[in-house]
Amino acid sequence: MLLLVPVVVVGKRAYLHGSAHLLGVLLYAAMLPLTAQSSTCEADQTPHAMKASTDADTKAAAARASVRQIPRELKPSFAAFRRKYLMTGLPAILSGAMDDWPARAWEHDLARFETLCGAEPLYTACAPSDTVKVHAPAALGRTWGALLGVDVSPWLRNFSELLAAQADANWRKQTSVFQDGVDYQVDVAGRSLYLHDAPLASLCPRALLELRAPRYFPVDVRRQGLPRPQGECLYGGPRHPSLFIGATGSASGFHRDSEGSRFWMALLRGEKIFRLLPPNDTLAVHEAYPTACSMQSAAFMREQGRIHKPHLLAQLCPNFNYNLFEASPGAGARMQPWEGKLRAGEILFIPEGWGHQVINKSPTLAVSYNFLDEYSMAAHVKLILDLLDFYLLERRVAGETANERQRVMFVARLKSLAYEASMGGFPRALASRLPGELGDASWDAFFKRNTPAADSGYSEKRREWEERGGVKEFYARLSADILAALGMRKPGDEEEKRGGSEEGRKRGRTTGRKDQR
């Protein structure tokens with residue numbers, strides 16, 4: 001069966017459109033740990049190293065660089081936003097887009113939020129244990145966003161106590177943090193505490209009743225293909241939507257979101273300053289100011305004869321040795337940061353690959369969501385393919401991979417996609433197919449749109465399907481045209497074109513006419 005997937009080009013961005021968009025590539029990725037012997041992605045031609053600017057150079061660059069303002073839009077239609085930002089991968093701030101949310105009252109009536117969430121514990125079984133963080137200059141280049149996860153459970157039990165500590169200039173504690181192989185002695189001030197990316201559905205599900213899923217981001221294709229919930233907690237944890245509560249002056253360092261995901265943030269209280277760098281500039285910074293991890297990983301790939309891939313290094317080693325709010329703009333005079341002041345009642349959209357840094361200018365409360373749509377899937381798939389190939393390389397060289405947990409997680413996710421597609425459940429929704437005059441949705445409606453339908457016999461059906469070879473069977477039905485759309489081929493394609501193995505010739509004789517149709 002031949003599945004043709006049209007490639008749509010918008011400006012310089014290409015994405016795949018159709019019911020099977022990129023799924024063949026995803027399933028191919030699931031087979032990599034068993035079959036691949038080398039990277040199947042089209043090689044990046046980026047030079048291996050960039051020469052870091054001298055202090056004089058960066059100061060001169062700072063004088064020449066200008067800060068570009070993130071564009072603002074006042075209540076655009078979904079169709080206009082889709083065309084102007086989702087399809088082009090440009091950031092934007094949306095004003096007036098939350099006017100109808102009951103949660104808008106939280107800006108001037110924090111007691112309303114505390115009524116919903118104040119007594120809820122900061123730590124639960126389904127939430128990460130390090131959601132309360134502090135920004136530490138000593139961690140620059142050593143941790144993600146120069147953030148340290150601090151355990152405040154000895155002093156703070158719930159949201160109300162956290163809010164009180166953030167407002168108390170005299171609240172101060174000493175603690176130790178062991179993170180990424182380093183011991184830190186941390187002087188924790190109340191005003192440095194930052195509840196960061198905390199899973200709202202686990203910590204305070206009642207808050208979702210007063211929040212809405214914005215009309216501008218109606219789909220999450222990653223959620224549509226995830227393994228079904230198992231037990232009390234969702235697979236991988238119920239990460240999004242997530243909650244951010246920051247005191248005045250709290251911050252996160254320069255970082256980019258993982259796995260090629262996009263995100264939006266709705267600010268309900270306070271004011272934030274964001275600075276962003278476009279994807280290429282973000283990778284340039286990662287190269288120009290390397291960390292120990294990035295240098296070691298780059299050396300390993302060189303030793304194994306692999307093409308240098310900056311986007312892969314930035315995922316493997318996500319810590320940046322860089323501060324975008326300092327005078328230096330970065331690794332080159334032509335680099336232009338983007339800046340935006342996000343105010344209460346506004347929503348910020350940051351596309352995949354854009355590095356960013358934030359400072360809370362006043363006490364803030366925000367909700368965020370990381371997602372994938374059909375416009376960002378190409379970057380996500382390319383990254384997953386390269387990650388799985390790197391993990392395989394590690395395992396082949398060292399006999400194991402330090403990233404086995406991530407490898408198993410990705411393979412499980414890709415197998416789940418195969419099952420959902422085979423059963424007709426993926427994709428459930430695409431942004432390009434939704435009406436242009438879309439409205440905000442309740443979170444129940446958003447989850448229903450983007451979550452496979454409940455099935456009491458799911459586990460048994462899924463097990464039987466896999467035992468029958470469902471993943472391989474589904475993959476075999478997909479045309480190599482999908483791989484070709486990304487400049488990729490299955491192992492053995494060239495051999496089969498030349499006549500190849502006896503098995504390949506037999507398969508060609510038995511299926512050739514059908515494939516031609």
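The model is predicted, so local features are taken at pLDDT of at least 70 and side-chain atom pairs at pLDDT 80 or more, while totals for chains, interfaces and linings use all residues. Residues are numbered from 1 along each chain as its sequence is written, and side-chain values use heavy atoms, with hydrogens and water left out.

Helices (H or I, at least four residues) and strands (E, at least two) are DSSP runs, numbered from the N terminus. In a regular strand, side chains alternate between the two faces of the sheet. Strand 5 spans residues 92-95 and is covered on both faces: Ala-92 and Leu-94 are buried on one side, Ile-93 and Ser-95 on the other. Here buried means under 20% relative accessible area, exposed means over 50%, and partly exposed falls in between (1.4 Å probe, protein chains only).

Next come the neighbours of strand 5. Two strands pair if DSSP finds at least two bridges between them. Strand 4 (residues 72-74) runs parallel to strand 5, with 3 bridges, and Arg-72 has Ile-93 as its bridge partner. Strand 16 (residues 347-350) is antiparallel to strand 5, also over 3 bridges, and there Leu-348 stands opposite Ile-93. Strand 4, helix 3 (residues 78-86) and strand 5 together form a right-handed β-α-β unit; right-handed means that, with the strands pointing away from the viewer, the path from the first strand over the helix to the second runs clockwise.

Thr-131 sits in the loop between helix 4 (110-117) and strand 6 (132-135). Thr-131 counts as buried because its relative accessibility is 2%. Beyond neighbours within four places in sequence, its contacts (heavy atoms within 4.5 Å) include Leu-122, Tyr-194 and His-196.

Now for the charged pairs. A salt bridge puts a side-chain nitrogen of Lys or Arg within 4 Å of a carboxyl oxygen of Asp or Glu, and the count is 21. One of them joins Asp-99 and Lys-75 at 3.3 Å, N to O. These two are 24 residues apart, with Asp-99 in the loop between strand 5 and helix 4 and Lys-75 in the loop between strand 4 and helix 3. Asp-99 is partly exposed at 43%, and Lys-75 is partly exposed at 48%.

Arg-262 and Asp-373 form another salt bridge, at 3.1 Å, N to O. Arg-262 lies in strand 13 and Asp-373 in the loop between strand 18 and helix 11, so the pair ties together parts 111 residues apart in sequence. Arg-262 is buried at 0%, and Asp-373 is buried at 1%. Arg-262, Glu-352 and Asp-373 are linked in a salt-bridge network.
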